[in-house]
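Hello,

Here is the structure we discussed, for you to open alongside this note. My notes on it follow below.

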Amino acid sequence: MKEKIIILGEYQQGNPSSITLECITAAKQLQREAEISLLLMGDEVKKDVSDLEQYDVDQMIIVENPFLSRFSSEMYSKALLSIWNQLQPTILLCGHTDIGKAISPYLSEKVDIPLYSNVEDFESYERKLYFTRSVYSGKLMERVEVNEPTFLVTIKPKKWEAAPKKVGRKNIIRTMEVTIEKPISSLIGLEQKKLDSVGLVDAKIIVGAGRGIQNEEGFALVTKLAELLGGTVGVSRGAVELGLCDATLQLGQTGKTVAPDLYIACGISGAIQHLVGVTSAKTIIAINKDPKAPIFEVADYGVIGDVFDIIPALIKELDNTTI
Ligand SMILES: Cc1cc2nc3c(=O)[nH]c(=O)nc-3n(C[C@H](O)[C@H](O)[C@H](O)COP(=O)(O)OP(=O)(O)OC[C@H]3O[C@@H](n4cnc5c(N)ncnc54)[C@H](O)[C@@H]3O)c2cc1C
């Protein structure tokens with residue numbers, strides 16, 4: 001019987017997000033003969049996502065339910081379990097994102113199948129499948145032999161190319177029902193924060209703030225620089241610990257993985273746990289007053305100096321005003 005791979009899709013502003021397109025490429029590499037389905041869940045998916053027919057998969061599975069109007073790990077996990085039980089796929093593939101990390105362990109435990117998380121590469125050799133992923137805070141790469149035919153896998157963002165749309169393609173669009181009980185908690189309200197992480201993963205330019213930016217004034221400088229460059233701000237755990245920003249902006253092992261064209265690390269030492277999230281950047285510029293900081297080992301360009309001197313000079317150059 002044909003193997004079935006389900007990709008748990010994520011979407012934003014009318015389009016599947018880049019990790020979902022990366023999952024399509026990964027699924028094709030994993031099992032070329034399999035039937036690949038892209039699962040999208042939400043309240044009004046068909047209204048929210050355009051071009052449903054053009055993604056390079058065998059079918060789209062649409063699950064609409066009012067309880068899925070916004071992501072909740074409780075509701076999405078329960079819906080995914082219901083889909084798994086109805087379709088009995090061989091493999092479920094999703095991104096190692098906030099959503100993938102939140103719901104894949106629940107499903108793994110409920111259906112009693114292994115979960116391989118944060119995988120960076122697949123390899124088939126003599127009919128055996130191997131996964132590669134980083135362990136021990138990125139200090140070692142682990143190669144795992146997959147012994148079970150049925151499993152869950154989360155893939156590290158930006159390790160596979162995003163699958164292009166297929167113009168003129170006509171996918172089968174299948175609608176499925178899930179019965180989900182009332183949630184145990186309900187949303188009371190949402191408050192927009194000054195900076196949020198939407199778009200961080202796909203940003204082309206990221207200015208990184210570390211403990212060396214020290215205070216609100218330093219954070220404002222980094223934010224201004226990012227604005228002038230048309231980019232966004234990401235941070236190290238050091239900056240989160242200073243209480244200057246939310247952990248959703250954190251880059252690294254326990255934060256987001258990014259691959260911008262340009263990453264400017266300001267006052268960031270370059271701990272391995274931070275570097276695993278940023279070293280796919282095409283160009284890295286580091287600004288640090290310590291010439292021995294490990295960030296300089298991975299940077300393409302290094303500026304040895306105080307961020308409170310260098311960033312205002314860059315801003316002045318870009319803005320032609322002193323701040
Ligand atoms: C299990 C685990 C998971 C982790 N996950 C993450 C993660 O996802 N992301 C992450 O970032 N960290 C993570 N960490 C923490 C990580 O080990 C480091 O502690 C953290 O990255 C350090 O942040 P930092 O570089 O901002 O601070 P520091 O290491 O304190 O470095 C600050 C740097 O700023 C420089 N500096 C100071 N003042 C100035 C100035 N005025 N001008 C210029 N330079 C200046 C200093 O020379 C120094 O190099 C994790 C740790 C563990 C154990």
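**Buried helices**

In α3, the buried residues are E74, M75, Y76, S77, A79, L80, L81, S82, I83, W84 and L87. Please keep in mind that this is a predicted model. The helix α3 is largely enclosed by the rest of the structure, because 11 of its 15 residues are buried. It runs over residues 73-87 and reaches 21 Å from its first C-alpha to its last, close to the 21 Å expected at 1.5 Å a residue. Just after α3 comes Q88, which has a positive phi of about 50°.

Helix α1, residues 18-30, is also mostly covered, with 10 of its 13 residues buried. Those buried residues are S18, I19, T20, L21, E22, C23, I24, A26, A27 and L30. The end C-alpha atoms of α1 are 18 Å apart, which agrees with the 18 Å that its 13 residues should span at 1.5 Å a residue.

**The ligand**

Which residues come nearest to the ligand? Of the 25 residues around it, they are R211, S236, T254, S269 and Q273. By class, this shell has 16 polar, 5 charged and 4 nonpolar residues.

For R211, a backbone N or O atom lies 2.7 Å from a ligand oxygen. A polar backbone atom of Q253 is 3.0 Å from an oxygen atom of the ligand, and for G238 the distance from a backbone N or O atom to a ligand oxygen is 3.3 Å. Taken alone, the ligand exposes 980 Å², and the protein buries 78% of that. Two elements give two or more residues to the shell: α6 (237-241) and α7 (272-275).

**Two buried loop residues**

N171 sits in the loop between β10 (151-155) and β11 (172-176). With a relative accessible area of 7%, N171 counts as buried, because the cut-off is under 20%. Leaving out residues up to four places away in sequence, N171 touches L52, E53, Q54, Y55, V57, D58 and M60. As for R127, it is 44 residues from N171 in sequence, and the two are 30 Å apart in space, C-alpha to C-alpha.

T257 belongs to the loop between α6 and β14 (262-266). This residue is buried too, at a relative accessible area of 11%. Neighbours within four places in sequence aside, T257 is in contact with K156, P157, V201, V276 and G277.

**Two loop residues with positive phi**

D112 is placed in the loop between α4 (98-111) and β7 (115-125). Its phi is near 60°, a positive value in a residue other than glycine. Is D112 buried or exposed? D112 is exposed, since its relative accessible area of 68% is over the 50% cut-off.

Q214 lies in the loop between β12 (205-209) and α5 (216-229). Here phi is near 65°, again positive in a residue other than glycine. Q214 is partly exposed, with a relative accessible area of 44%.

Regards

Terms used: Residues numbered from 1 in each chain as written. Predicted model: local features only at pLDDT ≥ 70, side-chain atom pairs only at ≥ 80, totals over all residues. Heavy atoms only, no water. Helix = DSSP H or I, 4+ residues; strand = E, 2+ residues; numbered from the N terminus. Buried < 20%, exposed > 50% of the residue type's maximum accessible area, 1.4 Å probe, protein only. Contact = heavy atoms within 4.5 Å. Near = heavy atom within 4 Å. Polar contact = N/O pair within 3.5 Å; in protein donor to acceptor, adjacent residues only side chain to side chain. Areas by Shrake-Rupley, 256 points an atom, 1.4 Å probe, with all protein chains shown as cover. Nonpolar A, V, L, I, M, F, W, Y, C, P; charged D, E, K, R; others polar. Expected span 1.5 Å × (residues − 1).
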